[in-house]
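Colleague: Before we go through the interface and the sheets, could you put the model on the screen, so that each answer can be checked against it?

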Amino acid sequence: MAAQRIDLLPLAIYLDGSQTFVPRVIPDNIVGLVLELQRCTMADLTVWPNPLTHLWARMELSLDGGLTWIAAGGIGSFGGISISPGNIEVADSCLKIDLLPGLGRMLRGQIDVTNGPIRTTVSIVVDVVRGGRIIRPPR
Amino acid sequence: MPIAFDNSGKADADAVSSLESPAWLISGSNRHLVVGVGVIEITTPPDPSSVKRNGSGGTNLTQNGSSILFDSSQYRGSIWELVAPAAANETIYVALAETCYRVFIIGCSFTGVNQITPTRTRTTNNATNEADPGPATVTCANTALNDLVVDFLACGQSGGTATNVAVGAGQTERAVVESPDLDILAGGMSTEPATGSSVTMTWDVTATLGVHHYALFGLPLIPTDVTPLRVVSSPLRW
């Protein structure tokens, strides 16, 4: 199965405060995912341009159908264009997460925006490859 | 009770100013937590402003010594500690003052560690433009029998496309972060029991550009066991 991108929050303007992702069932064969926060690039300067705007995203995993939740990882970042040491624009802030195995797993999450508003997309790219590289498809 | 490895956790991310690992369980008695943080940024990356157990509102760890800048100050590595972390299924978390190109965090917990003086003085080594494949090495010359040396490696190569790390002979790999992406940052944490006054920790680093840079920290953990004093009694003579 090729990697697949799922938008948890669509490209839109989000105000200061918290926004939750609706819990989703993760297919049993999915072993890893990448959490993506779309960043500002020269191709679209309207996405998260303000370097004072901070976005925090945190994911939680349930192995018991949503009764209990455990932290699965989180990232925070400031806005503006981010350049790699090789002078390449970074299109997304991203976090690779290896998922614990289980049947009927569920994933939920939350973002917190400060010094917003912010225009961005929050996505996950799911893959079946554990420990290896998850090839993220182009937007 | 000898020092024993308990558990480990890790996370790595691109273009972030804070990073939190998945939750991982710490248990046992006489617990000690060691965390390493690696950062790469186009300009000098900042020191972590905080490293915590259990998220941004959690318990602060204490930095062990200064961080190490390497490769023309694009890379930074640092190690952090917490005595007696809560026995719980919690995360490790690092915060930075600015967004950095790549950040990773690795933590290992141990049991049987002296809670009054948990570590001896750390030893570090770092190098730039080491030929590939080549070892990253640090020698802790201040160990004692039954210490457990834990090391933390941060390494990479600007402009490269991959770096792989492999733990040296005699060591046990506890956690590794490898990135196949451009301008990579990789690292790992391993342990080796001390059998004498010196322990050398080694990682083999292989990168694609033919050279790599690294910082390696070696930190001896001290066991709870205290050798009983031998009392020699003799009749008092007045």
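Colleague: Which residue of β1(B) does I75(A) stand opposite?

Modeller: This is a predicted model, and that applies to every pairing discussed here. β5(A) and strand β1 of chain B, residues 4–20, run antiparallel and are joined by three bridges. Within β1(B), S18(B) is the bridge partner of G76(A), and the residue opposite I75(A) is L19(B).

Colleague: Which residue of β1(B) stands opposite L95(A)?

Modeller: β1(B) also pairs with β6(A), in the antiparallel sense and over two bridges. In that pairing the residue of β1(B) that stands opposite L95(A) is A13(B).

Colleague: Within its own chain, over how many bridges does β1(B) pair with β10?

Modeller: The partner strand β10 of chain B covers residues 92–111, and the sense of the pairing is antiparallel. One of the pairs places V16(B) with its bridge partner C100(B) in β10(B). Counted over the two strands, the number of bridges is 14.

Colleague: About how much area do chain A and chain B bury between them?

Modeller: The contact draws 27 residues from chain A and 28 residues from chain B. Of the area buried between the two chains, 56% lies on carbon and sulfur atoms, and the total is about 1900 Å².

Colleague: How far apart are the closest N and O atoms of the salt bridge between E20(B) and R58(A)?

Modeller: The rule finds one salt bridge across the interface of chain A and chain B, and E20(B) forms a salt bridge with R58(A). With a cut-off of 4 Å from a side-chain nitrogen of Lys or Arg to a carboxyl oxygen of Asp or Glu, this pair qualifies, the closest N and O atoms being 3.1 Å apart.

Colleague: Which strand gives the largest share of the side of chain A that touches chain B?

Modeller: At least two residues of that side come from each of β4 (54–62), β5 (70–78) and β6 (92–98) of chain A. The largest share, nine residues, is supplied by β5(A).

Colleague: How many residues apart are E60(A) and R108(A)?

Modeller: Over all chains, a search of the whole structure finds eleven salt bridges. The side chains of E60(A) and R108(A) meet in a salt bridge, at 2.7 Å from N to O. This pair links distant parts of the chain, with E60(A) in strand β4 of chain A and R108(A) in strand β7 (residues 106–114) of chain A, and the separation is 48 residues.

Colleague: Why is one side of β12 and one side of β14 in chain B left without a neighbour in the sheet?

Modeller: In chain B, three strands form an open, antiparallel sheet in the order β12-β17-β14. β12 (134–140) and β14 (163–167) of chain B stand at its edges, so one side of each is left without a neighbour, each having a single partner strand.

Colleague: Which residue of β17(B) is the bridge partner of N164(B)?

Modeller: β14(B) pairs with strand β17 of chain B, residues 199–207, over five bridges in the antiparallel sense. The bridge partner of N164(B) in β17(B) is T206(B).

Definitions and conventions. Residues numbered from 1 in each chain as written. Chains lettered and ligands numbered in written order. Predicted model: local features only at pLDDT ≥ 70, side-chain atom pairs only at ≥ 80, totals over all residues. Heavy atoms only, no water. Contact = heavy atoms within 4.5 Å. Buried area = accessible area lost by both parts, 1.4 Å probe. Helix = DSSP H or I, 4+ residues; strand = E, 2+ residues; numbered from the N terminus. Pairing = 2+ DSSP bridges.
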